[in-house]
Every structure is written in structure tokens, then in C-alpha cells.
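Colleague: Could you walk me through reading some features of a model? I would like the general idea and then the case at hand.

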Amino acid sequence: MNSIHDMGGMHGYGLILREADEPVFHHQWEGKVLALARVALAGGLFNLDEFRHVQERMPPLQYLSLPYYERWLEGTIAMLAEKGVISADEFAARLAELSGEAS
Amino acid sequence: MTSDEEVALRVRALESLLLEKGLVESPAIDEIIDLFENRLGPQNGARVVARAWSDPAFKARLLANATDAIVELGYEAVQGEDMVVVENTHAVHNLVVCTLCSCFPWATMGLPPVWYKSAPYRSRAASDPRGVLVEFGTAIADEAEVRVWDSNAELRYMVLPERPAGTDGMGEDELMALVTRDSMIGVTKALEAPAS
């Protein structure tokens with residue numbers, strides 16, 4: 001399917017922005033997202049093709065606006081909900097609980 | 001836009017649920033982060049390139065079957081992907097991209113830089129590679145052929161940069177210092193030998 005991720009040859013994205021001495025991860029949570037997704041993949045909770053596809057079928061505006069590891073994060077959350085591992089309600093409840101602690 | 005604190009909280013929520021359900025364990029998470037932060041990276045690819053520059057038999061094996069040749073140096077594919085190494089010469093300049101996302105030779109180069117995963121690079125490397133090379137300050141002769149390799153989940157490409165002039169007497173460690181991540185993606189050439 002031809003969707004927003006199929007970027008080869010698209011026009012209008014501008015100059016390539018490079019960062020000198022770029023760290024492997026820009027935030028601690030980025031490494032955590034990568035690791036959680038890899039463990040979930042290794043454990044067979046979903047497969048690599050499904051994981052790419054869940055990102056590729058995001059609405060174009062979401063796909064383009066999310067930084068890379070946020071796309072991984074939202075893809076993982078969506079995948080686990082679709083597979084019945086962590087429901088959207090369960091995730092929302094845990095998030096509310098942790099926000100309560102944090103504030 | 002989501003603030004970093006909000007994102008970090010979403011990650012904590014995900015992690016805590018997976019831990020609670022026994023689907024992940026903390027040591028496995030730490031191990032993966034350590035692997036990508038400390039053990040995988042372009043220093044591995046630089047070793048492969050320096051060996052290929054120094055050892056013609058290794059270079060021949062690398063170009064014939066990169067997956068097996070890099071294992072000789074102890075660099076295993078992270079998720080079973082195959083590797084192909086393409087050689088830059090005066091006549092041919094190779095450039096690697098992943099137009100669909102972010103595929104990259106993890107075993108030899110670790111995780112890709114942000115620009116490699118960005119829309120400007122992914123879109124333009126395929127349609128205007130010479131323009132991209134100019135943007136990286138890389139001069140390629142008009143008569144040289146430019147080849148673009150589009151990576152995918154099963155097949156990862158790495159460029160064997162051209163060995164710089166004036167490096168004949170150099171050992172592998174000295175050569176390694178001239179091999180940059182960007183030269184193995186093909187957006188730049190290897191560094192020039194320091195003037196002696």
C-alpha cells in the first residue's frame with residue numbers, strides 16, 4: 001500500500017538537518033522504548049512486519065509529526081492493545097495512576 | 001505536541017504493565033540498552049573497512065558475502081538480517097538509504113543518526129542523490145556513476161569507502177580512524193590521511 005511512509009522521491013521536505021556529535025539516545029526513555037519493543041518482538045507479542053505496519057498506517061499527520069521513538073512507543077502501545085495484551089483502558093488507568101504520583 | 005515528561009510517563013506506564021504481567025524483565029531491558037549504547041556502533045564497521053583495505057582476501061569475501069565475512073570479525077546480525085557491502089571507487093559512488101523507515105546495518109554501525117531517519121533524507125536520497133551529496137559537501141565527478149541502495153528489514157547495506165591516498169604504510173588501527181559513519185553510509189568519503 002502506498003502511504004505516507006513510502007517517502008522515496010517525495011518533494012518538499014527541505015534540507016537534511018544534521019546534529020554534530022549526536023548521542024545514541026537523546027532521552028533515557030528512547031532507549032527504554034527500543035528495548036521494550038525488542039523484548040515484545042522477541043517474546044512473540046507481535047512480529048516485526050506487524051510492528052512496521054502499525055506505524056505505516058498511522059494518519060499521515062501523526063506519522064510526520066511524531067519523533068522516531070515516539071512513533072515506536074505509540075506503535076507498541078497500539079500493537080499490544082490490538083493483540084489484547086494491554087487494553088486501552090488498562091493503559092489509560094495506569095497512566096492516570098502514575099500522573100497522580102508525579103504531580 | 002507532547003512534552004518529554006508526558007512521553008516519559010507513557011513509557012513508564014507501558015514498562016510497568018509489561019513488568020507486572022511478567023512479559024519483560026528489567027535485566028533484559030538494561031542489556032538491550034547497553035548493547036545499543038555501548039557495544040554496537042560505527043567503530044565495528046570501521047574495523048571491517050580497515051580490514052578490507054588491508055587484506056585483499058578478506059575484502060573479496062566481504063564483497064561476495066558480507067553477512068559471513070563480518071561474523072569473522074565477531075559482528076553478528078542483531079535480528080538475522082543479511083548484509084551486503086558495496087564498494088566505492090573512482091568510477092562508482094554508492095549511497096545507502098531506507099526510504100520506508102530506518103533500516104540500517106546494526107551489527108556494524110549501531111543505530112542510525114536522526115537525519116538518516118528523517119523525511120528530507122529518505123525522500124531525496126532516492127530521487128536526487130547528487131544533490132544530497134552536495135549538501136554533505138561531497139564532490140563526486142560528473143562521469144562517476146552514483147548508485148542508491150534502498151535498505152529493508154531483511155537486507156542491510158554498508159558502503160566500503162575508497163581507501164584514501166597516502167595511506168599505504170598505515171596499519172589497521174590507523175586506518176580505522178579515517179573511517180566515519182557517514183562514509184559507510186556513502187554520504188561522505190573516508191577522511192584524508194593526516195599530513196605527516
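Predicted model: local features only at pLDDT ≥ 70, side-chain atom pairs only at ≥ 80, totals over all residues.

Colleague: At what angle do α2(A) and α4(A) pack?

Modeller: Two packed helices are described by the angle between their axes and the distance between the axes. Here helix α2 (residues 48–56) and helix α4 (residues 68–82) of chain A pack at about 110°, with axes 9 Å apart. That makes α2(A) roughly perpendicular to α4(A) (angles of 65 to 115 degrees). Axes are lines fitted to C-alpha atoms over the stretch in contact, and angles run from 0 to 180 degrees between N-to-C directions. Helices are DSSP runs of H or I with at least four residues, and strands are runs of E with at least two, numbered from the N terminus.

Colleague: Which residues of α2(A) and α4(A) meet?

Modeller: A:Glu50, A:Phe51, A:Val54 and A:Gln55 in α2(A) meet A:Arg71, A:Gly75, A:Ala78 and A:Met79 in α4(A); contact asks for C-beta atoms, placed from the backbone, within 7 Å.

Colleague: How many residues does each chain bring to the contact between chains A and B?

Modeller: Chain A brings 44 residues and chain B brings 44. On the side of chain A that touches chain B, α1 (28–42), α2, α4 and α5 (88–102) each supply at least two residues, and α1(A) gives the most, with nine.

Colleague: Is A:Thr76 buried or exposed?

Modeller: A:Thr76, in helix α4 of chain A, is buried because 25 other C-beta atoms lie within 10 Å (20 or more count as buried, 12 or fewer as exposed, and in between as partly exposed, with C-beta atoms placed from the backbone). Leaving out residues up to four places away in sequence, A:Thr76 touches A:Leu36, A:Ala37, A:Ala40 and B:Leu14.

Colleague: And how many residues of strand β4 of chain B are buried?

Modeller: Five of the six residues of β4(B) (residues 155–160) are buried, so the strand is largely enclosed by the rest of the structure. Six bridges join β4(B) to strand β1 (residues 82–87) of chain B, and the two run parallel; pairing asks for at least two DSSP bridges. B:Val86 stands opposite B:Val159 in β4(B).

Key:
Residues numbered from 1 in each chain as written. Chains lettered and ligands numbered in written order. Parallel < 35°, antiparallel > 145°, perpendicular 65-115°, else oblique. Contact = placed C-beta atoms within 7 Å.
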